Amino acid sequence: MSLRRRFLNLATLNSEHCIYSIRRMDMSRQHLFYPATPTEQKKLSFQEMESIQMPPISASFHPNPSPYAGDRWKIHFFGLSENKIICTDQSGLSLLYDAGLESSLIMPSLHRPKGGPITLSVPDSDEQDGGGGRLYIMEQSLRPRPEKGQFEAFLYAKPDKLCLEKVWCRHSLPLPPFVLKPGFKHTWVCSHAVLGGGSHLCMSFEGFGTYCFDTTMGEWSHAGDWMLPLYGKAVYLPELNVWLGIREDRLLGVSDLSSVLTAGEKPELCGILGNDYFPPDWEPLGLPQIVSTGSGRMCILNLVQTMLKDAYRWSGVPVVDEQLIVFTGVELLACGNGDGIVDGSGSSEKGKVLQMINHKSGIYRSSDGTATIEAVL
């Protein structure tokens, strides 16, 4: 089975020189998937993981020095399509890097620099290789600030009727209605997903429930006081019409989120897939990241670290030995109609009948800090 998506884009940081780089991993050469779907589920083993080499640098970037940022110079990378990546720094300066053409396009600056943003992208199906599209950017931590910039979007469109060509524009968008109400102090975006092929953005806010943003009308609606069953960004798998994401316990979860729009109901979790092949001394860093490669297959990345034995800093914090990135090929299969989803361990829950199958895993070791992975796109 061929992969619909060939390249995985890795944004890395050389912390010594504060240089960010884009590296393109050719998935067809990593052998994370068997040629055919295994008929029997094989439990992954840490000892059997092949070593993965960091791909060469395609392009490098340095954040614009800013006297207002102190030592927090940073570049955020947001994937728009397999080849196109939007980059913004701590000053709000932006550019679009086309990894396929190895070229860059200057973009409009953000209304407001983002500290810790979440993003949702909608590629333009009318443009070859997602030549345009929409990228929605929101601060994950929302506060009662009336000024523009906590929620905005890059849109590839004609700015007015007199313009003959599409260009990249940036627009400030309205915040959920509860943010500007008296007494509001703070909330956190716990979950987010694209619904309806890009017609709506769905987000769950800590303490406020779930809201949907109509991307055409530019309006918010309250879906319910419940939270989405997946944490972080949920990735849509069109082949199976389900969303894949991470549960709060860091296990892989599957859910049909379409009920939010079609019935206004809380979606249920279909099933889970564990990572019990990880050694007990691996300490996870952040949430696993999911990249769909097409045909029901996806690459799951887990960033972990190990500690030096009996070595501590003056503050009592253990000393990091090395950072590891584990790449795992996973496939999701439809198994007909029934009452649940089954993974390799045999667990099942109500919902669509699907089967999650582990293929292979590879491991990248970063002990010198010269190429730490900042984002997977």
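Reader: How many bridges join strand β1 to β27?
Author: In this predicted model, strand β1 covers residues 7–14 and runs antiparallel to β27. Within that pairing, Ala-11 has Ala-375 of β27 as its bridge partner. The number of bridges joining β1 to β27 is 4.

Reader: In what order do the strands of the open sheet with β1 and β27 stand?
Author: The sheet is open, has 4 strands and pairs in the antiparallel sense. β4 (57–61) and β27 (372–376) each have a single partner strand, so they stand at the edges, with one side of each left without a neighbour in the sheet. From one strand to the next, the twist averages 30°. Read across, the order is β4-β2-β1-β27.

Reader: Which residue of β6 stands opposite Phe-77?
Author: β5 and β6 form a hairpin, with 4 residues between the two strands. They pair in the antiparallel sense over 5 bridges. In β6, the residue opposite Phe-77 is Cys-87.

Reader: Which residue in the hairpin of β6 and β7 takes a positive phi?
Author: Strand β6 (residues 84–89) runs antiparallel to strand β7 (residues 94–98), and 5 bridges join them. Across this pairing, Ile-85 stands opposite Tyr-97, and Cys-87 stands opposite Leu-95. The hairpin has 4 residues between the strands, and the one with a positive phi, near 90°, is Gly-92.

Reader: How many of the residues of β6 are buried?
Author: Both faces of the strand are covered. Lys-84, Ile-86 and Thr-88 are buried on one side, and Ile-85, Cys-87 and Asp-89 are buried on the other. The count of buried residues in β6 is therefore 6 of 6, taking buried to mean under 20% relative accessible area.

Reader: Which strand is joined to β10 by 7 bridges?
Author: β10 is mostly covered, with 6 of its 7 residues buried. It pairs with β12 in the antiparallel sense over 5 bridges, where Tyr-136 stands opposite Ala-153. In another pairing, Arg-134 of β10 is the bridge partner of Val-122. The strand that runs antiparallel to β10 and is joined to it by 7 bridges is β9.

Reader: Which elements give two or more residues to the largest nonpolar core?
Author: The largest nonpolar core has 21 residues, and the members that touch the most others are Tyr-136, Met-138, Phe-151, Leu-201, Met-203, Phe-205 and Trp-220. The elements that give two or more residues to this core are β9 (117–123), β10 (133–139), β12 (151–157), β14 (187–195), β15 (200–205) and β16 (209–214).

Reader: Which proline residues are in contact with Trp-220, leaving aside its neighbours within four places in sequence?
Author: Trp-220 is among the residues that touch the most other members of the largest nonpolar core. Its contacts beyond four places in sequence include Met-138, Phe-151, Met-203 and Phe-205, along with Leu-175, Tyr-211, Cys-212 and Phe-213.

Reader: What share of the residues of the protein counts as buried?
Author: The secondary structure comes to 1 helix and 27 strands. The accessible surface is about 18,500 Å², of which carbon and sulfur atoms hold 51%. Of contacts between residues at least 6 apart in sequence, 55% join residues at least 24 apart. Of the 377 residues, the share that counts as buried is 51%.

Reader: Over which residues does pLDDT stay under 50?
Author: The mean pLDDT of the protein is 81, and 82% of its residues reach 70 or more. Where pLDDT is low, the predicted coordinates should not be read in detail. The model does have 43 contacts beyond four places in sequence for the stretch where pLDDT stays under 50, residues 338–350.

Definitions and conventions: Residues are numbered from 1 along each chain as its sequence is written. This is a predicted model: local features need pLDDT of at least 70, side-chain atom pairs count only at pLDDT 80 or more; totals for chains, interfaces and linings use all residues. Side-chain values use heavy atoms; hydrogens and water are left out. Two strands pair if DSSP finds at least two bridges between them. A nonpolar core is a set of buried Ala, Val, Leu, Ile, Met, Phe, Trp, Tyr and Cys residues joined through side-chain atoms within 4.5 Å. Buried means under 20% relative accessible area, exposed over 50%, partly exposed in between (1.4 Å probe, protein chains only). Contact means heavy atoms within 4.5 Å. Accessible areas come from the Shrake-Rupley method with a 1.4 Å probe; for residues, only the protein chains shown count as cover. pLDDT is the predictor's confidence in each residue, from 0 to 100. Axes are lines fitted to C-alpha atoms, for helices over the stretch in contact, and angles run from 0 to 180 degrees between N-to-C directions.
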